[in-house]
Amino acid sequence: MAGLQADTPVPTSVTAHGQSRVLEVAFSDGAHFRIPFELMRVYSPSAEVQGHGPGQEVLQTGKREVTLEALEPVGNYAVQPHFSDGHSSGLFSWAYLYRLGAEQDRLWADYERRLAEAGRGRDEPMPVAAGGSCSH
């Protein structure tokens, strides 16, 4: 599991800033990131967002104002955020949080590209799923 290998940086501090809607994470290798809640939500590692295999990803919209209602530790390797839109099924390993922080410029650009390709706006509400949805 990511975060358990000796060479994987682990958080030395994690602070959720509700007003600015960012998760501030400092890592053991000296890296320090401010990860927007919106970025965390649209890139949640859950099956609801990532799907159950390549090509099954679900484009997330309407998440700009999402907040964290809770952030629970999961063992010594991850946290589980509970977002204000009810989403709480993603486990964010230390390695995944590190990736979100380190690659956020690229991830934002990729998200904006996918929105444009889908003809969707960042602030549009999520479409209502037509049955057969994952129960996460």
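**Entry 1: a cut-off before I start**

Buried means under 20% relative accessible area. I wrote that down first, then opened the model, which is a predicted one. Phe33 has a relative accessibility of 12%, so I log Phe33 as buried.

Which residue forms an aromatic pair with Phe33? I found Phe27 there, in an edge-to-face arrangement. Their ring centres are 5.9 Å apart, and the planes make an angle of 65°. Phe27 is buried too, because its relative accessibility is 3%.

Phe27 belongs to strand E2 (residues 22-27) and Tyr98 to helix H3, so the pair ties together parts 71 residues apart in sequence.

Putting the rings together, I have a cluster of Phe27, Phe33 and Tyr98, linked by ring pairs. My search of the whole structure gave 5 aromatic pairs, including Phe27 with Phe33.

**Entry 2: helix H3 and its packing**

Tyr98 took me to H3, so I looked at how that helix packs. H3 covers residues 94-102 and packs on H4, residues 104-118. Their axes lie 5 Å apart, at an angle of about 75°. Angles of 65 to 115 degrees count as roughly perpendicular, which means H3 is roughly perpendicular to H4.

Which residues make the contact? From H3 I listed Arg99, Leu100, Gly101 and Ala102. From H4 I listed Gln104, Arg106 and Leu107. Sorted by class, the contact has 3 nonpolar, 2 polar and 2 charged residues.

**Entry 3: stepping back to the whole chain**

I counted 4 helices and 6 strands in the protein. Starting at the N terminus, the order reads β-β-β-α-α-β-β-β-α-α.

How does the radius of gyration fit a compact globule? For 136 residues, such a globule would be near 14 Å, and the protein comes out at 15 Å, which agrees. Along the principal axes, I get a box of roughly 45 × 30 × 25 Å for the C-alpha atoms.

Last, I checked contacts between residues at least 6 apart in sequence: 47% of them join residues at least 24 apart.

Note on methods: Residues are numbered from 1 along each chain as its sequence is written. This is a predicted model: local features need pLDDT of at least 70, side-chain atom pairs count only at pLDDT 80 or more; totals for chains, interfaces and linings use all residues. Side-chain values use heavy atoms; hydrogens and water are left out. Axes are lines fitted to C-alpha atoms, for helices over the stretch in contact, and angles run from 0 to 180 degrees between N-to-C directions. Helices (H or I, at least four residues) and strands (E, at least two) are DSSP runs, numbered from the N terminus. Angles under 35 degrees count as roughly parallel, over 145 as roughly antiparallel, 65 to 115 as roughly perpendicular and the rest as oblique. Contact means heavy atoms within 4.5 Å. Ala, Val, Leu, Ile, Met, Phe, Trp, Tyr, Cys and Pro count as nonpolar, Asp, Glu, Lys and Arg as charged, and the others, Gly among them, as polar. Rings of Phe, Tyr and Trp (its six-membered ring) pair if their centres lie within 6.5 Å; planes under 30 degrees apart count as stacked, over 60 as edge-to-face and the rest as tilted. Buried means under 20% relative accessible area, exposed over 50%, partly exposed in between (1.4 Å probe, protein chains only). The radius of gyration is taken over C-alpha atoms; the globule rule is 2.2 Å times the number of residues to the power 0.38.
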